[in-house]
Amino acid sequence: MIRSEDNMYYKDNDFDGNSKRGGGNYSNNGYADKEIKPVTKFLDEDYVDQAEKVILKLKNNYKTMVTTTKIRGLLSGMSDIYNDVVRLADNNLPPKINSKIQYLRVQFAYEYGRSLGDNKDKSVKNFIEASHLMDYLQMADGSRDRFIQVERYMEALVAYNRYYGGRDE
């Protein structure tokens, strides 16, 4: 089970628009930041429906949706790993691929961090929180089948983001 204190993006934000980094008081720029609780179970078989619900929630609750360019950039890193993972017969991932997945989590954390602060577009932050992608990547921990499911969930998020009007840069 993943607790909120185990996840750096939950730890660094108190969800009132105030970052705990640097002690600054950041405006939420019109975003209705709501507490997002970490997931306690892995993706269900209906991950496509789950992805649609996430995108609809983002569309209805926030001023702007994540750009198609940004979300496809996040997918790109995941797809590179996916291409290696699907070729494996064993469900246990080798250390080299596990390391790539860990680095992918770092990239997501970086993109999340870039959206914090005054006058920043919070769409990436909101997307990563609502989709729980960092949680799911951590929960995939060494499992081929779970990583494949997370990657397909990400593909569904990209598709529904575009379908429901994700903006272009």
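**Entry 1: helix pair.** I looked up the relative direction of α3 and α4 in this predicted model. Helix α3 spans residues 68-85 and helix α4 spans residues 95-114. Their axes come within 10 Å and cross at roughly 175°. Angles over 145 degrees count as roughly antiparallel, and α3 and α4 are therefore roughly antiparallel to each other.

**Entry 2: contact residues.** I then listed the residues through which the two helices meet. On the α3 side I noted K70, L74, G77, M78, I81, D84 and V85. On the α4 side I noted I97, K100, I101, L104, F108, E111 and R114. Sorted by class, the contact of α3 with α4 holds eight nonpolar, one polar and five charged residues.

**Entry 3: aromatic pairs.** How many aromatic pairs does the model contain? I found a count of four. I examined the pair of Y160 and Y164, whose ring centres are 6.1 Å apart. Their planes stand at 20°, so this pair is stacked. I also examined Y163 and Y164, an edge-to-face pair with 4.8 Å centre to centre and 90° between the planes. Y160, Y163 and Y164 form one aromatic cluster.

Entry 4: Y164 has 18% relative accessibility; buried means under 20%, so Y164 counts as buried. I noted that Y160 is buried as well.

Conventions
Residues numbered from 1 in each chain as written. Predicted model: local features only at pLDDT ≥ 70, side-chain atom pairs only at ≥ 80, totals over all residues. Heavy atoms only, no water. Axes fitted to C-alpha atoms, helices over the stretch in contact; angles between N-to-C directions. Helix = DSSP H or I, 4+ residues; strand = E, 2+ residues; numbered from the N terminus. Parallel < 35°, antiparallel > 145°, perpendicular 65-115°, else oblique. Contact = heavy atoms within 4.5 Å. Nonpolar A, V, L, I, M, F, W, Y, C, P; charged D, E, K, R; others polar. Phe/Tyr/Trp six-rings, centres within 6.5 Å; stacked < 30°, edge-to-face > 60°. Buried < 20%, exposed > 50% of the residue type's maximum accessible area, 1.4 Å probe, protein only.
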